[in-house]
Amino acid sequence: MKKIIFYTMAIIIMGLSFDSCVSTSKIRTENGISEMRYLEINNTKQHLLIRGKDVKNPVLLFLHGGPGASATALMRKYNSVLENDFTIVYWDQRNAGKSYDKKLPKEEIQVNKYLKDIDSLTDYLKGRFKVKKIFLVGHSWGARLGMYAIKRHPENYMAYIGIGQEVAAYQAELLSYRYTLKKAQEAKNTKAIEELKEIGEPQSGDYRQMYKTGFWGLVKQKEWLLKLGGERYDRTNYRDWMFSIWFSREYSFFDVIKYGKASGFSAGNIINDPDFNNFNFLNQIPKVEVPVFFISGKYDYNTPWTLVKKYHDRLNAPYKEFIVFDKSGHSPIFEEPERFNKEIIRIFAIVNSRQNQIKKLTNE
């Protein structure tokens with residue numbers, strides 16, 4: 001009993017200690033910014049980390065995946081070099097990460113609410129940093145939001161980069177399931193084969209009932225996808241990333257606890273929103289008015305890269321590129337960060353050059 005009390009007190013003290021040390025490292029340049037703050041967005045308190053060596057650099061807004069899975073800690077570990085060239089806005093979306101609020105009603109987890117948040121945040125950033133357009137980057141669920149955002153308000157964005165781009169609910173899940181079953185059969189993993197056949201192939205794009213066993217069929221399929229190599233390159237778990245979140249300077253002990261609660265709450269409730277289900281960009285968003293860049297991992301069968309390529313080929317955009325990372329799964333941004341960071345610089349150079357050409361033609 002004494003041991004239990006001791007360890008409980010130790011955890012509490014450690015938690016309080018971690019919580020008191022939350023900060024972000026200073027950027028000591030003349031025009032630098034390193035700011036952690038909460039912003040009132042559509043009647044919810046949402047957390048922003050804004051960092052960059054020069055506030056005159058272009059503003060890059062990152063839309064993380066999930067819903068509910070903040071990527072701030074991972075970006076700070078793997079992509080902070082981009083702060084030299086951009087003012088990066090690390091945003092914990094509504095009820096994600098440091099924005100988690102246990103009192104938030106489940107009805108507030110809806111696609112349209114997230115889109116209104118993006119609109120409000122974009123307007124805030126444009127006004128604060130005195131820029132006409134934002135450089136928008138989205139990953140997974142955030143990449144779905146990104147496509148909606150540039151379709152709704154193309155005037156707000158100079159370019160869009162979709163990483164592990166979501167394209168179509170049913171088609172993506174069918175490809176993902178078949179890949180997972182094939183890998184299970186190749187590995188002669190009888191447990192995986194049995195459980196995958198039990199849930200059966202997806203029958204629709206409604207995440208609540210696409211599998212015979214409902215939403216938990218989707219969860220089971222994604223568990224096996226990770227274990228069988230269709231989520232990450234050369235890894236079958238998330239332990240390294242979880243440690244990165246745990247020891248992040250910007251996240252406290254209690255933030256990490258909230259992280260898990262936020263992810264479960266958001267994912268568990270968003271599926272009840274009709275707008276979350278049955279989406280298909282091949283039909284719904286055939287054309288956009290901003291340059292688009294898709295970055296996919298060769299081993300991504302969460303949002304299968306072949307479907308992203310198909311969408312890229314059909315999409316009507318003023319400029320577009322499809323880029324494959326050979327040693328990545330669903331998250332090239334964190335799996336091949338050095339190459340990813342260089343790609344972002346290259347992409348911005350292309351976008352900037354195109355904008356300068358357009359200005360020149362307009363002036364003439």
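**Cavity, pocket and rings**

Mentor: By class, the lining of the largest cavity comprises three nonpolar, two polar and three charged residues. Here Ala, Val, Leu, Ile, Met, Phe, Trp, Tyr, Cys and Pro count as nonpolar, Asp, Glu, Lys and Arg as charged, and the others, Gly among them, as polar. The model is predicted: local features need pLDDT of at least 70, side-chain atom pairs count only at pLDDT 80 or more, and totals for chains, interfaces and linings use all residues. Residues are numbered from 1 along each chain as its sequence is written, and side-chain values use heavy atoms, with hydrogens and water left out.

Trainee: What volume does the largest cavity have, and which residues line the largest cavity?

Mentor: On a 1 Å grid over the protein atoms alone, a cavity is a set of points where a 1.4 Å probe fits but cannot get out, whereas a pocket is an open set with protein on both sides within 12 Å along at least five of seven lines; lining residues have an atom within 4 Å of a point. Grid points are joined across faces, edges and corners, and a volume is the space filled by probe spheres set on the points. The structure holds one cavity of 30 Å³ or more, and the largest cavity has a volume of about 40 Å³. Its lining consists of His 47, Leu 49, Thr 72, Tyr 90, Asp 92, Lys 98, Glu 250 and Tyr 251. Strands β2 (44-52) and β4 (87-92) are the elements that give two or more residues to this lining; strands (E, at least two residues) and helices (H or I, at least four) are DSSP runs, numbered from the N terminus.

Trainee: Which residues are the closest to the centre of the largest pocket?

Mentor: The largest pocket holds about 1,400 Å³ of space. Of its 46 lining residues, Gly 66, Glu 231, Tyr 238, Ser 263 and Asn 302 are the closest to the centre. Two or more residues come from each of α5 (169-187), α7 (215-227), α8 (239-246) and α9 (253-270). The lining of the largest pocket divides into 25 nonpolar, 15 polar and six charged residues.

Trainee: How many aromatic pairs are found in the whole structure?

Mentor: A pair of aromatic rings is described by the distance of the centres and the angle of the planes. Rings of Phe, Tyr and Trp (its six-membered ring) pair if their centres lie within 6.5 Å; planes under 30 degrees apart count as stacked, over 60 as edge-to-face and the rest as tilted. The search finds 21 aromatic pairs. Tyr 114 belongs to helix α3 (residues 111-129) and Trp 141 to helix α4 (residues 141-152), 27 residues apart.

Trainee: Are Tyr 114 and Trp 141 buried or exposed?

Mentor: Both are buried, a class that means under 20% relative accessible area, with exposed over 50% and partly exposed in between (1.4 Å probe, protein chains only). Phe 135 and Phe 348 form another edge-to-face pair, at 5.7 Å centre to centre and 85° between the planes. Phe 135 lies in strand β5 (residues 134-139) and Phe 348 in helix α13 (residues 337-363), so this pair ties together parts that are 213 residues apart in sequence. Phe 135 counts as buried because its relative accessibility is 0%, and Phe 348 counts as buried at 19%.
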